[in-house]
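Q: Please walk me through this one before I set anything up. I'd like to begin with a single residue and then widen the view.

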Amino acid sequence: MRTMRLALIGFGNVGQGFAQILVERSAELAARFEVQFQIVAVSDLLKGSLYDPAGLDPVALLDAVRASGSLKDLPAPYRDLDALRTIHETNAEAIVEISYTDLKTGEPAITHVRAALESGKHVVTTNKGPVALCYPELSALARARGLQIGVEGTVMSGTPVLRMGTELLAAAGIRRIQGIVNGTTNYILTQMEAGSPYPEALAEAQARGYAEADPTGDVEGHDAAGKVVILANLLMGASLTLRQVDCTGITALTSQDIAAARAAGERWKLIAAVQKDGDQVTASVKPTRLPISHPLASVSGATNAITFTTDLLGDVTVVGPGAGRLATGYALLGDLLAILR
Ligand code: HSE
């Protein structure tokens with residue numbers, strides 16, 4: 001049996017979802033993959049930091065956060081290590097970087113990922129900042145050190161579109177990518193169409209763990225723009241920056257707009273698109289009215305979908321969860337298993 005020691009940088013929704021998966025699936029992971037994932041450290045700005053070289057009890061971590069929102073009352077041989085000390089000084093073999101996403105600077109996540117690779121540790125992350133802003137540098141650093149960086153959860157959470165695009169469709173000639181890549185806005189649009197006012201729908205998306213810590217990035221389209229940059233750069237060899245994405249969110253859409261579309265047999269969706277023409281790659285995020293018969297029009301709630309238009313296969317569509325604690329936690333597990341393979 002192989003044990004893989006992990007340090008979690010951040011213990012919000014995604015970290016808790018990941019810990020829950022490890023608790024619920026440990027027997028299956030052991031039986032099927034002969035691996036035991038052991039959380040040795042957790043460092044969270046608000047909840048506190050714990051380190052036990054022999055492993056922390058994930059059930060106790062989850063119970064503590066559920067009961068008090070804090071890890072401060074749990075016993076551990078070492079505590080209060082900040083993120084960088086946790087990365088450098090613990091015996092973790094892989095760092096799970098799940099601190100909050102900042103798409104303007106990418107920090108502090110970029111520093112965490114760099115530090116992990118520099119100290120010889122693999123990284124898995126669902127954090128869009130480092131991947132949308134400086135993936136070429138980070139993946140080159142990983143390669144140079146013989147390490148891996150797993151980023152599957154940055155787009156469509158645990159639904160494996162990045163692996164599909166970078167590995168399985170790599171030779172098919174991806175010309176266009178079009179889809180719904182933000183769960184929060186799709187959930188809000190679905191709820192508004194069912195009659196909920198915008199603030200209620202947003203609050204519900206937050207309560208369900210879909211929204212970013214600051215949901216402005218979701219509703220203004222920046223989260224989707226970050227994902228579009230990741231898709232363009234990882235799957236189409238582009239070097240787009242966020243500023244090059246023509247981006248409009250859903251905040252200007254009113255209940256009247258939604259009712260008008262409905263009366264016309266259409267539905268508003270926040271559509272993200274990347275198009276390759278020769279060497280030119282262009283990207284956009286825009287609310288778009290789709291006929292009800294359009295395949296993306298029936299994708300509802302926090303579900304996401306991406307259609308790859310390829311030279312050799314035509315259209316390939318993947319539909320699946322795009323947000324949520326377990327769905328995003330699953331991406332981390334998939335990346336860790338890929339590292340072990
Ligand atoms: N806030 C994001 C969403 C989470 O709503 O899709 C997943 O990246």
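Q: Okay, D335: buried or exposed?
A: D335 is buried, with a relative accessible area of 4%; buried means under 20% relative accessible area, exposed over 50% and partly exposed in between, using a 1.4 Å probe and protein chains only. This is a predicted model, in which local features need pLDDT of at least 70 and side-chain atom pairs count only at pLDDT 80 or more, while totals for chains, interfaces and linings use all residues. Residues are numbered from 1 along each chain as its sequence is written, and side-chain values use heavy atoms, with hydrogens and water left out.

Q: And which side chain does D335 meet in a salt bridge?
A: D335 pairs with R163 at 2.8 Å, N to O, a salt bridge being a side-chain nitrogen of Lys or Arg within 4 Å of a carboxyl oxygen of Asp or Glu. Because D335 lies in helix 12 (residues 325-340) and R163 in helix 6 (residues 161-168), the pair ties together parts that are 172 residues apart in sequence; helices (H or I, at least four residues) and strands (E, at least two) are DSSP runs numbered from the N terminus. R163 itself counts as partly exposed, at 25% relative accessibility.

Q: How many salt bridges does a search of the whole structure find?
A: The search finds 17. Among them is E93 with R2, whose closest N and O atoms are 2.9 Å apart. That pair also links distant parts of the chain, with E93 in the loop between helix 3 (83-89) and strand 5 (94-97) and R2 in strand 1 (residues 2-9), 91 residues apart. R2 is partly exposed, at 36% relative accessibility.

Q: Switching topic, what volume does the largest pocket have?
A: Its volume is about 950 Å³. A pocket here is an open set of points on a 1 Å grid over the protein atoms alone, where a 1.4 Å probe fits, with protein on both sides within 12 Å along at least five of seven lines, and lining residues have an atom within 4 Å of a point.

Q: Which residues lie nearest its centre?
A: Of the 47 lining residues, G12, I98, S99, Y100 and T101 lie nearest the centre of the largest pocket. Elements giving two or more residues to that lining include helix 1 (13-33), strand 2 (35-44) and helix 10 (222-235), and helix 1 gives the most, with 3 residues.

Definitions and conventions:
Grid points are joined across faces, edges and corners, and a volume is the space filled by probe spheres set on the points.
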